[in-house]
Amino acid sequence: MMETKGLPILYQRPSLKRPLIETEALDDNHILNLLNWSKPSREFIVHLKTRISKILYKMTKHPDSAPFLKPFDHHKYPDYRIKIPELLDLTLIQHRIQSCSYYITEAIFKADIERLIHNWEVYSGGPNTEISQRAQRLRE
């Protein structure tokens with residue numbers, strides 16, 4: 001996945017068709033319109049939810065998934081919040097799937113999985129640590 005400034009492209013602000021007005025209300029449809037995107041159909045969202053729910057279910061049953069299932073432990077990792085500003089775990093991803101509004105493409109789901117892995121690699125000091133290797137195996 002391409003990165004700039006340390007963030008996957010999907011996490012960066014896309015360029016808008018026009019600048020935002022400070023008092024402008026931003027609902028989902030308005031944002032999609034500004035980005036010149038169309039909202040996916042309900043059938044597509046249901047199909048996508050089914051597909052990514054199956055993927056997430058397999059991930060949660062993976063032997064290496066334990067550290068990623070629940071939000072990080074503030075007591076066990078007191079500096080995690082300082083090093084990692086965007087917290088992510090498999091439970092939060094599950095809530096996002098259930099909402100049927102967050103994941104409107106499979107790429108957004110994949111970007112969240114990549115972010116989860118990236119967060120632990122950054123926190124643990126690189127891709128060769130035990131927790132990072134567990135995250136890599138989970139990705140597979």
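Lys-110 and Glu-106 sit 4 residues apart in helix α6, so about one helical turn separates them; helices here are DSSP runs of H or I with at least four residues, while strands are E runs of at least two, and both are numbered from the N terminus. Their side chains meet in a salt bridge with an N to O distance of 3.7 Å, the term meaning a side-chain nitrogen of Lys or Arg within 4 Å of a carboxyl oxygen of Asp or Glu. Lys-110 has a relative accessible area of 47% and is therefore partly exposed (buried is under 20%, exposed over 50%, partly exposed in between, with a 1.4 Å probe and protein chains only).

The model is predicted, so local features need pLDDT of at least 70 and side-chain atom pairs count only at pLDDT 80 or more, whereas totals for chains, interfaces and linings use all residues. Residues are numbered from 1 along each chain as its sequence is written, and side-chain values use heavy atoms, with hydrogens and water left out.

**Other salt bridges**

Side chains of opposite charge can pair when their charged atoms come close. The whole structure holds 7 salt bridges. In one of them Glu-106 pairs with Arg-51, with 2.4 Å between the closest N and O atoms. Because Glu-106 belongs to helix α6 and Arg-51 to helix α2 (residues 42–61), this pair ties together parts that are 55 residues apart in sequence. Arg-51 is partly exposed, at 38% relative accessible area.

Lys-83 and Asp-79 also form a salt bridge, at 3.7 Å from N to O. Lys-83 is partly exposed at 46% relative accessibility, and Asp-79 is partly exposed at 27%.

**A buried aspartate**

Asp-112 lies in helix α6, which spans residues 106–124. Its relative accessibility is 1%, so Asp-112 counts as buried. The side chain of Asp-112 makes a polar contact of 2.5 Å with that of Tyr-103; such a contact is a pair of N or O atoms within 3.5 Å, and within protein one must be able to donate a hydrogen and the other to accept it, residues adjacent in sequence counting only if both atoms are side-chain atoms.

Setting aside residues up to four places away in sequence, Leu-90 touches residues including Leu-56, Met-59, Phe-68, Ile-113, Leu-116 and Leu-138, contact meaning heavy atoms within 4.5 Å.
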